[in-house]
Each structure stands twice: as C-alpha cells, then as structure tokens.
Amino acid sequence: MTQPRSGARRARDPGPGRLRLDPRLLWALGAGSAAIALALVPFLATADFLPDRALWIVLDVVIGGGFTAVGLFAWYRRPDNRVGALMVATAFAWYFVVAGNTEPAALWTFGQLFSNLFAATAIHLLLAVPSGRLETELDRVVVGIAYVATTVLWLPVLLFSDPADFGCTDCPENLLLIDADAGFTDAYFDALGVVGIAVMVTVLARLFQRWRRASAPLRRVVGPVFLVGGAFMVALAALLAAGLFEPFGHGVTMSIFYACAVAFGLVPYVFLAGLVRGRWLRGRGLGTLINRLGQPHQAGTLRAELARALGDPSVELAYWLPDSGQHVDADGRPVELPPAEAGRAVTEVERDGRPIGAIVHDPALLDDPEQVRAAGAAAALALENARLEAELRAKVEELSASRARIVDSGYAARRRLERDLHDGAQQRLVSLALSLRILRSRVAADPDAVEELDSARGELDQALSELRELARGIHPSVLTDRGLDAALDGLARRAPLPVDLEELPTERLPDRVESAAYFVVAEALTNVAKYAHATRACVNVRRLDGQVLVEVSDDGVGGADPATGSGLRGLLDRVSAVGGRLEVDSRPGQGTTVRAAIPCA
Amino acid sequence: MPVGESVLIVDDHAGFRAHARRLLEWEGYRVVGEAADGASALEAARELRPELALVDVHLPDANGFELTSWLGALSDPPAVVLTSSRDGAGLESCVSACGARGFVPKSELSRRAVEELLR
C-alpha cells in the first residue's frame, strides 16, 4: 500500500541511470576522440610550417583527452546534465584547431573552417556549469552570438583571405579561397575581434556575478572552474586585442596563445578536482555524522549535524506526517517543500520503504546525490525519532488551536444566551412587575387583593432575582461592558464578607482572558463564602511577562482540595482551556490561596 | 391633568417604556417624551428640557454612562437616574463618576425609589 503523497514531491534528482543512457554511445565517443587525437599526431609531427610541433602534439592529446575523459565521466554520472556532453563537444571542437595546424591542404582548410568553434563550446560550458542549463536570457544570447560568430560569420574570412597575405608564406593552400582581398579581410577580421572581446568581457562579468551569489557548497565545485575559465577568457580577449592593435611582435602573441591554451586545457581538470574535493569533504563529514548520531544527542541538533556532514549550512529538514499528508518542521508547523524553480533541491528520506521526511538542500550537492541519500540513510533513525516528536508537536499545536476555537465559540454562545435572556424573559417579567405595582395601588382599598398582589409580587421578585443570577452565571454582562475591574468590583460588593481588591488591570484584556480571570475570582470567592470561615478575602490581578496572574487568598481554615471539590475542578478545566495553570495552596489552618496564570500576549 | 415633574424615558425596549410611562404617570410624574437611543435622547432632552431622565444602562448606540455625561453638559441638565434589568453590582463607581443621581433596578422602579435617589 502506498502512502498518500499529496504535497510531497519526489527528489527532483533523477540520479544516475534513471535517465536512459546507452553506455555504448559513451564508449563510441571516447574511442572516436582517442582515434582522432592519435591520428592527428603524425600530421602534426610532419607539419613543416609549424614552429612548435612537439608542443602541439602535447596540446592535442592533453586537451582533447582531458575534455573527453572528464566529460564522459560527468555524462555517465549525470545523464540529465548537459555539462558532460558540452565537455565532449569541446574536445571535438578542439581537434579542428589541431587539424588547422597540419600540412595537407584539405585537412588544414577543414580545420581552419571551424578553428574558433572550441571558444564557443567553452563559453557555453562555463556559463552552464554546474547545472548544465543557461540561467539567464543574457547567457543564452551570449552563447548564441558565440556560436554564430565562430561558424557562419567566420566563413567569409576563409573565402577571401590568402594565408600568404598574413605572413604565412609556407602555410598550406586555402582550398576555400575565392578571391584574396586583404583589405576586406583585415577590416572584417577586426570587426569579428570586437564582437569576440565583447562576448569575453560579458562572460567574465557573469562568471564573477555567479561566483559572488554562489552558496558555500556550490563555490567548492564551481570556484576553480570559474577561476581557470576566467583566466581563459582574459587570455582569449588579449589574443583578440593583439590581433586588433598588433602592439606586440609575433613571439608575444604566440605566448598569449599558449597561455590561452593552458588555461583552456586546465578547465576539465579543475572541474574534476572541484567534484572530488566537494565529495571528499562530504565523505569525511558523513563518517563524522555516523559517529555523532551514535552518541546521545539533543533534539534540534540533527539539522546542524546534517548541515555539517554535507558542508551545506542551508540544509533544512521537513518531516512527513502520513496522517495529515503534509510536511512539518521540527516545531510541528506545516511547511511546503520548495518548488523546482526556487533554487533548492529536495532529497526524500525513507525508512523501511516509508517516507519519513525530506532534506532540503543546495542543488550543488546533486553533483553526487548518493552522498545526500547516504547522509539521509545514516540519519534515518534519528530523523524518524525527530519526526515522531514533530508529529506530536503538530498534534499539540492543532489541539490547542481547536481548544482555543472551542473556548472562543463557547464564550460567544454564552454572551448570546445572556443577551437573549435579558432582552426576552427578563424584560417581560420587569414589565409584569411594573403592572403589578400599578394594580396594587389601584386596589389599595381591598386588603385581600393587596395581600394577593404582594404575594404575587414576592414570587415575581424571586423569579427575577434567580433569572439575574442565572444570566450572570452564564455571562456577566458587566465584564463585556465595563471590563474586568468593574466586574470584580461587583463580585466583591456582592460577596458576604469584606473583599479587598488590591491591584486590578485598568486596561482591557482579550475576552477569553477576562472571562477566565473573572470566573477564577467568582468561584474562589464562592468557595471562601461557603467553606473557609474566613473574615476577609483579598483579590489581586496583575500582568507579568505576557501572563495575567490572578490570586485570591483568604484567612480561613484552609484544607481545600481541588481533587475533591467539583468547583475547583471545573475552574482547573476552564483555566487550562485557555492555556493557563491553576494552583491551590490550602494547608489546614493557613488559609487558602488560589493562583491562576493565564497567557495573555 | 398630571402636573408633577417632567420626565424623559430612555430605553430601547418599547415594552418597558410603555409600562414605565404608565407607572410614572400613575404615580404623578409628567412623562414628556420617550427615546430609544442615545442620539434621539439627547435631542429630546434639548427640546423638552425635562427635570428628570430615566436612562437604561444599555442603549444601542451608546451606554447610559456616556449619555448621562452628555446630558450633564446641557445648559439646563436633567437629573439622571440610571436603570437596568440586570443588577447594578459593579456599576457603582461608573454611576457616580458619570454624574448620575443613582441606579434603580427596572423591577424596583417607583416614585419612592426615584425620590430616595434625588434626595
């Protein structure tokens, strides 16, 4: 039987293997990349026009191999994440650059045709790390421009330029050349350079902005990539600027090119290092977590332990309540799991196949979802305990809320009943009393009639007085109209013994507080009059620390026991119904003191 | 024709006003007007200048204490006796504070009770 899952969402991380990925594709891509890299080696070795042939062979293998290997690894781990595929694509784009430095004219021309594409895929990769998605419209525009500039807009350069015009007299023949026009190519090349520099500067700004906004765990993963990628952008922009202004000699320009290549080539390696470092830190944290959870710990520290173990201070826990079909926090208050677009990730924790809660964490941890799940599994028992605690708190919260509603609606109902009595029966009996008075003076000459009317009048007064008592017992209207001090003043005046009102609040309090305080005093004074044999009583009501403290004491015989007296019992219920406490201090011979503390925010 | 002191009866229960009028007139008062709420009571008092006002503690638009202090501010204020079918316990301080002459429960209303308070 499956639990109702309304309000709960599955972890949004599909995990390795959940998205269908044919491993043969990865093998084929790896083998293809290795074959191309190796096939290009002899061509590089024999390219007479190329100055640094050995260095080019190294760049061919190290850069192509690095992007391919790390890219395939990332792709295998997270088939749903585009980062791996982008890395592999960058490796293949790099081979165009390499091919553009070989001797055969066809290979040279083909390589030159796409010799800038690697910059576009690298920019795409840098802006997409680590989620694989381009986050903003600006990112998409920049990446779009980069692809167009390095393909469609690059083509005219090949159509109209002869390498010999640019100082490369021993370069292979440009097979795409239609008409060598050095003037046009120069201007066109400069325009493309300006576009390129603008793109690089934008990418740099975006990398810096994203680094500043990144959470701690995210920075561990992307920080090194952004740093090396940023260096690559700076070097590439410098290279384009060198092409524009030609301030340096050929040697300096080549140095910049090699710096550019080194920074570019480091990208996959630092990406891998970031992954390993983040996971290693978390792996170490996991061991500590298991140790710590083995020791007795206080409630509420579970979140802190998980945050420490995962290296993510933003970790939040939500406990699943199957009965009410919702998540609650540690205090039992309902919480909504963040929606997918909120920039948070959710990993659900199960125990014996039942969901017991969810870890809400930074999406950066999803580069290795097993770690989060392992942490969740290690903490499952503690989480289950915490869940039961939270469930209990939620029930208590719910109960006190419903009790407060019942008290309030009871209060309103009693007020209504008192008013109905007052407006109805009481008014009619009053009118009857006035009629009898007139009648009595009209028949003053008839002693029998007068006697009869006086007797009727006596009965009527009794009925009126009983009705008044009843109405006041239901709800004292003076409490609503004039407040607690006037109502207690009335109680004191009606009491059969002297009552000192010492301290009373002059401001109005919430209805249910005033009502509870009033009935405490009324019941206590009734008890004093009935049982205490006291000569005086004393009433004290004051506000202290968000509470109203009610105290009624007498100098009587003491010995009152709330367990036996139904009046005190009822009072206990009435006070606890508004979340208050009642205590009775009544040692024999020491008088009785009834104290109530009623919460009053 | 009654020639006694003039009285204004202020109460939102028409039944009580009718019975109080009959009783007070029977006992020699001259009931010059009735009002069902505070605002019309104030207007009637300005116009009719009664010597005595019998005012219910509970009125729809105000309470009897407020009305009593408004009446006390008139140039020729009536003596005010407050009344209610509820008992007056707890109202004593309010009764004297607002300037009323006293309180009589509705069922106890009589010339003698009123004169007792006015003395």
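What follows is a short exchange about helix α1 of chain B and the side of chain B that touches chain A. This is a predicted model, where local features need pLDDT of at least 70, side-chain atom pairs count only at pLDDT 80 or more, and totals for chains, interfaces and linings use all residues. Residues are numbered from 1 along each chain as its sequence is written, with chains lettered from A and ligands numbered from 1 in the order in which they are written.

Colleague: How far apart are the end C-alpha atoms of helix α1 of chain B?

Modeller: Helices (H or I, at least four residues) and strands (E, at least two) are DSSP runs, numbered from the N terminus. The expected span is 1.5 Å times one less than the number of residues. Residues 14-26 make 13 residues, so the helix should span 18 Å. The end C-alpha atoms agree, at 18 Å.

Colleague: Which helix gives the most to the side of chain B that touches chain A?

Modeller: Contact means C-beta atoms, placed from the backbone, within 7 Å. By that rule, 22 residues of chain B are in contact with 24 residues of chain A. α1 and α4 (92-97) of chain B each supply at least two residues of that side. The most, seven residues, comes from α1(B).

How values were computed. Contact = placed C-beta atoms within 7 Å.
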